[in-house]
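Please keep the model open beside you while you read.

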Amino acid sequence: MAFVRAPSPFLLVLVLALSISAAITATTTVPQPISDHHRSAALNLFAPSHGSFPSLQDAYEALRVFEILGIEEKHRVSTDTCKVVLENLSSLSSSLKDLFYALKVNGILKCKVNGEVFEGIASRLNASISDASPLPDLYYSIGGLVLIKDQDSNVDVLLADATGTFQSIKAQSQSDGKWRYSSDKTESSAYAAGLAFEALAGVISLASSEIDQSKVNTVKHDILKLFGSIEKNDDGSFYFDGETVGGHEHQDSLSTTSSVVRGVTAFAAAVSGEINLPGDKTLGLAKFLLGIGVPGDAKDFFNQVESLAFLESKRQVPIQVNLLFKFVLQQYFFSFCFLFFSANVTLDLSWCRVTIPLILSLPETVYSLTTKGQLKVRVSTALGSAAPPLVVKLVRAFSSGAKDSSIIESKELQYDKRSGLHVLDGFTNNVDVGTYVFVFEIVLHDSHSKQVYATGGQIHMPIYVTGIIAVSNAEIGVLGDLGSVQTKKALDLAGNDVVSFSANHLQKLRFSFQLATPHGHVFKPHQAILKFRHEIKVEHVFVIGNVGKKFEITLDFLGLVEKLFYLSGKYDIELTVGDAAMENSFIRLLGHVKLDLPEAPEKAAQPPAPPVDPYSRYGPKTEITHLFRTPEKRPPQNLSITFLGLILLPFLGFLIGLLRLGVNLKNFPSSTVPAAFALLFQLSIAAVLLLYVLFWLKLDLFTTLKTLGFLGAFLMFSGHRILSYLASTSTKLKSA
């Protein structure tokens with residue numbers, strides 16, 4: 001018996017849900033061909049900002065992805081992007097990289113580029129090629145010349161010394177098939193090797209005469225040596241590991257693998273003869289690229305999609321044939337990959353340089369015995385194109401826990417022309433609920449197709465079979481201290497019955513039940529848990545073990561008093577049974593038990609605080625009731641008015657005094673300047689009085705003080721001038 005204290009029912013449900021979904025979501029590791037999910041992601045990742053892209057490289061990557069996936073977006077970006085292309089092609093300050101990507105974009109958008117512009121660029125690119133040029137510069141220059149050759153056949157782009165250029169690139173190769181970026185750098189990488197292979201393919205296509213076959217064969221051996229260092233995952237996928245070159249430039253595994261795939265396929269298309277790359281490695285490269293899923297980064301997305309497109313690329317030779325010529329082709333063109341032919345149609349001959357991987361995928365990997373679904377298999381290329389005529393065979397199927405015992409052997413799946421799927425109608429009776437491994441094999445109809453496509457031999461696919469599990473013979477009871485049954489009740493776990501017991505610390509509680517699959521076999525779920533919940537919300541979880549066909553647990557309350565914190569009272573009993581393959585997983589209340597436990601000792605552990613519901617903080621808050629202070633009793637209104645009158649009496653006395661004294665303006669200055677200062681002095685006094693009134697009505701203290709400071713200074717200045725004038729005048733009168 002295992003004991004675990006559960007913090008909350010919410011956590012228990014969450015753990016159960018995650019454990020059930022874990023095995024189901026594991027099926028996403030099976031590589032799936034390019035689908036509409038990629039197309040939707042491409043529209044989001046490569047959407048141009050206001051119809052333009054940050055750089056020509058970004059523009060090319062977006063347009064190339066749209067082209068491969070068949071997304072019609074050219075019309076939205078062609079106008080603005082073509083302007084940038086023409087500006088870069090016409091500018092003498094454009095870098096080799098900018099020219100390269102401008103030509104790449106032009107190859108897709110077909111911008112209106114003048115032939116003279118192509119000639120000028122070709123002359124500049126030819127002049128930039130030298131023995132001392134670093135590999136990236138040679139890559140951009142040679143690649144640019146190849147693009148010009150494809151876009152304008154009238155421009156002379158042939159290399160003056162193709163053999164010398166070929167040899168200068170080859171000189172940077174290393175014994176392990178990797179390449180250096182330049183002669184002054186000692187580090188080599190597989191990423192640089194991919195650039196070198198693509199540049200060498202360009203040199204071959206730009207050569208005025210055939211390159212020495214021995215040099216070409218040497219590069220083929222370099223490719224084989226490079227593939228000798230390829231990394232392999234447990235799922236059969238192959239990749240080239242990422243590297244840091246020059247201490248600062250890092251290329252991850254996807255970028256490195258993409259570079260090699262582009263380079264090898266480009267070189268294979270440019271030379272005659274075959275490159276004996278094993279089909280399992282080309283298929284493994286496709287598995288690695290597809291195993292990434294739908295990348296969230298635009299650069300990774302481009303590398304994935306373009307690499308898969310290169311793996312599917314093939315050179316086509318159109319020939320008009322008839323039925324009689326078919327026999328001749330089969331006899332003498334055995335070295336070619338014979339894909340499709342018929343009377344008086346164009347024959348598609350694909351040169352078998354690098355085999356095209358075929359991807360076997362399952363639309364669904366979870367099958368229900370309840371609904372009796374069909375096992376469906378799809379075979380296509382990595383980009384989702386249709387596969388050639390073939391047969392899918394189920395070699396064997398076995399339980400993941402018994403690899404040596406097959407439950408299905410040697411069955412051929414039926415091809416459904418309408419859906420394009422290979423279907424296995426139902427499972428045999430010995431396929432029960434559980435996890436299985438189905439081993440498939442692709443058999444091509446046409447022997448010539450074997451030279452074109454890589455099938456990968458036997459393909460192991462995980463299959464999850466679910467069903468409704470029968471729950472029976474559930475019993476719960478209370479045992480005495482000697483193990484004698486004192487109370488025992490049967491439970492119908494499919495119903496809503498609940499039981500109620502009473503027990504003390506000298507007794508035990510026993511609960512048992514049985515689980516059976518649809519075919520009557522014993523079923524052991526991932527989780528079988530019995531939970532006790534006290535009235536104060538303290539919970540205890542017990543894991544139920546199995547003995548043979550029966551799941552049983554016995555709780556000895558005497559040994560659990562400390563774990564139960566000596567808490568007497570009512571406990572709810574809850575059962576949880578769950579499994580990824582169990583369609584009827586459940587959490588059910590069994591009933592209640594009233595425990596009478598001894599008093600807790602002084603040093604006994606205290607029960608934990610009740611768990612806080614994580615959703616409680618989002619609920620309504622407790623209403624806050626604020627009690628304001630009772631207002632003080634005010635005096636009667638008549639008393640207030642009388643007091644106001646007494647306040648105004650001094651002002652009234654002041655006015656009467658002015659009248660009695662006979663106030664006049666005889667001393668008001670007659671001169672202009674003193675009269676102006678006298679008037680300003682009186683106005684300043686009035687302004688200060690007005691400010692006091694405004695303070696009483698609306699202004700705050702700080703505003704009043706700032707204003708009073710300004711008015712006070714002006715009042716003192718004007719008052720000093722006029723009072724000085726009056727004092728001077730009075731002195732003159734007295735002296736006279």
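**Sheets, helices and annotated spans**

1. Five strands make up an open sheet in the order 22-21-24-28-27, and their pairing is antiparallel. Strand 22 (485-491) and strand 27 (545-547) are at the edges with a single partner strand each, so one side of each has no neighbour in the sheet. From one strand to the next, the twist averages 25°. Strands here are DSSP runs of E with at least two residues, helices are runs of H or I with at least four residues, and both are numbered from the N terminus. Two strands count as paired if DSSP finds at least two bridges between them.

2. A word on the background: this is a predicted model, in which local features need pLDDT of at least 70 and side-chain atom pairs count only at pLDDT 80 or more, while totals for chains, interfaces and linings use all residues. Residues are numbered from 1 along each chain as its sequence is written, and side-chain values use heavy atoms, with hydrogens and water left out.

3. Within that antiparallel sheet, strand 21 (residues 470-479) pairs with strand 22 over six bridges, in the antiparallel sense. If you want a spot to look at, Gly477 stands opposite Lys488 in strand 22.

4. Another open sheet has five strands in the order 12-20-18-14-15, with mixed pairing. Its edge strands, strand 12 (366-368) and strand 15 (402-412), each pair on one side only. The twist in this sheet averages 35° from one strand to the next. Strand 12 runs parallel to strand 20 (residues 458-466), and three bridges join the pair. Ser368 stands opposite Thr466 in strand 20.

5. Now to the helices. Helix 3 (residues 56-69) packs against helix 5 (residues 96-109) at about 30°, with the axes 9 Å apart. That angle makes helix 3 roughly parallel to helix 5. Axes are lines fitted to C-alpha atoms, for helices over the stretch in contact, and angles run from 0 to 180 degrees between N-to-C directions. Angles under 35 degrees count as roughly parallel, over 145 as roughly antiparallel, 65 to 115 as roughly perpendicular and the rest as oblique. By class, the contact of helix 3 with helix 5 has nine nonpolar, one polar and five charged residues. Here Ala, Val, Leu, Ile, Met, Phe, Trp, Tyr, Cys and Pro count as nonpolar, Asp, Glu, Lys and Arg as charged, and the others, Gly among them, as polar.

6. Helix 3 also has helix 2 (residues 36-45) as a packing partner, at an angle of about 155° and with the axes 11 Å apart. Helix 2 and helix 3 are therefore roughly antiparallel. In this pair, His38, Arg39, Ala42 and Leu43 of helix 2 meet Val65, Phe66 and Leu69 of helix 3 (contact means heavy atoms within 4.5 Å). These residues divide into five nonpolar, one polar and one charged.

7. Further along, the axes of helix 12 (residues 279-291) and helix 13 (residues 298-312) come within 10 Å and cross at roughly 155°. That makes helix 12 roughly antiparallel to helix 13. Thr282, Leu285, Ala286, Leu289 and Leu290 in helix 12 meet Gln304, Ser307, Leu308 and Leu311 in helix 13. Six of the contact residues are nonpolar, three are polar and none is charged.

8. Finally, an unreviewed UniProt entry lists residues 639-663, 675-696 and 708-727 under "transmembrane region". Residues 675-696 are 100% helix and 0% strand, with the end C-alpha atoms 32 Å apart.

How values were computed:
UniProt positions are given in the numbering used here, feature names are shortened, and annotations may be inferred rather than shown by experiment.
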